Amino acid sequence: MKPGKHLSYSRSLSPGKAVFFYQREGRDFVPLTVEVNKINGQKSSFTGGYDNQFKAKQSETKELAYGNPHTIEACYVPPMVDELCCRFSLRVEANSLAPDRYDEPRVNRWLMRLAQAYRDHGGYQELARRYAKNILMGRWLWRNRQTMGTAIEVLTSAGSRFEIDDARGLDWYEPWPLEAESALQGLSQEMAEALSNPRQFWFSTVTARLKTAFCQEIHPSQQFVENVDSGLPTRQLATVECADGSKAASFHAEKVGAALQMIDDWWEEEADIPLRVHEYGANRNALVALRHPVTGRDFYQHLKRTAFYIRQMRHCCQADGSDIPAEVHYLMSVLLKGGLFQQGRA
C-alpha cells in the first residue's frame, strides 16, 4: 500500500507546558524564576589548541589561560525551599482511528480497518501502558529526575487519582511494587479508553513533587537561539508568563511529549533502551537511525504491509494485545504520534 500524495494524522497525545513552582505558607503557587549570570569561563575547546590535523597551534601559552567571559541564564531552587513542584496537563484523543487528511480512499479504508482490528484485539492497552509508565516514572522530568525523592500525582477528568510515592526506583523493564503497579493499571485503562473511543474527552493533570537539596540546580528547557544580540545571554532557558506577570521556569510542551513518546523498544528483539517513536528509529544520543530504510524496519516499510498485518491480527486472542506483533504496535505508535506521511510528488 502506497500512502499517496496526501496522508496525515493528528497527534493523539497533547501535553501542555510543564511549569516549575514551589509552595509557601498562604501561597500554593510561587513561580521558580530564572536568573542571569555573567561568568568568566575557561578556554578549553579542541580548536583553541589544535588545527584539523591535530597539530598544536603556534600561539602564546598565556592565550589559553585567559578567561572566556559570557552571559548565561541559570535556574536554582531558592534557599530554605526543600520541595519543588513541576506540573503539566495532558489531553488524549482517539485520532489514530482514521487519517486526518488523505487523497486515496483505498488507503483510508485500509488504515481504518487496521485501527479497528488493533482496537478489537486490545492493542491500545499496550500503548497506553507504555505512555502511563513514562508519566508515572517521571521520565518527562529529564535531568531533574536526580532528586532526594520524587512523588508523582495524576488527577484525571474521570475523577481518578493515581499516586506514586517515589518514582526513583521504578524501571522500564523491571516489575513494579504492588501499589505502583495498581496505579499503572488504573491510569493505563483510562488512557486506553481515551485512545480508542472518539466520544471520550479525557484530560489529566500531572504533578511531580521533588525533594531537593539546598539551592539545587534545576534544568528547564533551553531556548534555541541562533543569533544573540550583544549583552544578552548566550544560553536562554524556557519560561512561561503567569497571570500576575511573573515568569516561571518551564519545559516546552514538545519536550514533555518527547519523553512520553519514548516507548519504542520493538526496534530489535533484544533492544536494551526504548527509543522515542520516530519513522526511522532515531537514536539522538548515538546519532544513528536504528530503523534505517536498509533494515526494512522503518515506518514506511511497515505501512506498506498494512493489509498483511490486518490478516495477522485475526489470529490474536489475548484481550490486552500482548500477542499482537511488535511491528503492528510500532506502526500504530507512529500514527498516534501524528505527522505527515505522504509519498509526495517525487
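K337 is partly exposed at 21% relative accessible area (buried is under 20%, exposed over 50%, partly exposed in between; 1.4 Å probe, protein chains only). E279 is buried, at 11%. The two form a salt bridge, with the closest N and O atoms 3.1 Å apart (a side-chain nitrogen of Lys or Arg within 4 Å of a carboxyl oxygen of Asp or Glu). This pair links distant parts of the chain, 58 residues apart: E279 sits in the loop between β15 (275-276) and β16 (282-283), K337 in helix α8 (residues 326-337). Helices are DSSP runs of H or I with at least four residues, strands runs of E with at least two, numbered from the N terminus.

## Basis of the model

This is a predicted model: local features need pLDDT of at least 70, side-chain atom pairs need 80 or more, and totals for chains, interfaces and linings use all residues. Residues are numbered from 1 along each chain as its sequence is written, and side-chain values use heavy atoms, without hydrogens or water.

## Other salt bridges

The whole structure holds 10 salt bridges. One of them pairs E163 with R161 at 3.4 Å between the closest N and O atoms. E163 is partly exposed at 44%; R161 is exposed at 53%. Another joins E93 to R91, at 3.2 Å. E93 is partly exposed at 27%, and R91 is partly exposed at 33%.

## Around E126

E126 lies in helix α3 (residues 123-137). Leaving aside neighbours within four places in sequence, E126 contacts D320 and H329 (heavy atoms within 4.5 Å).
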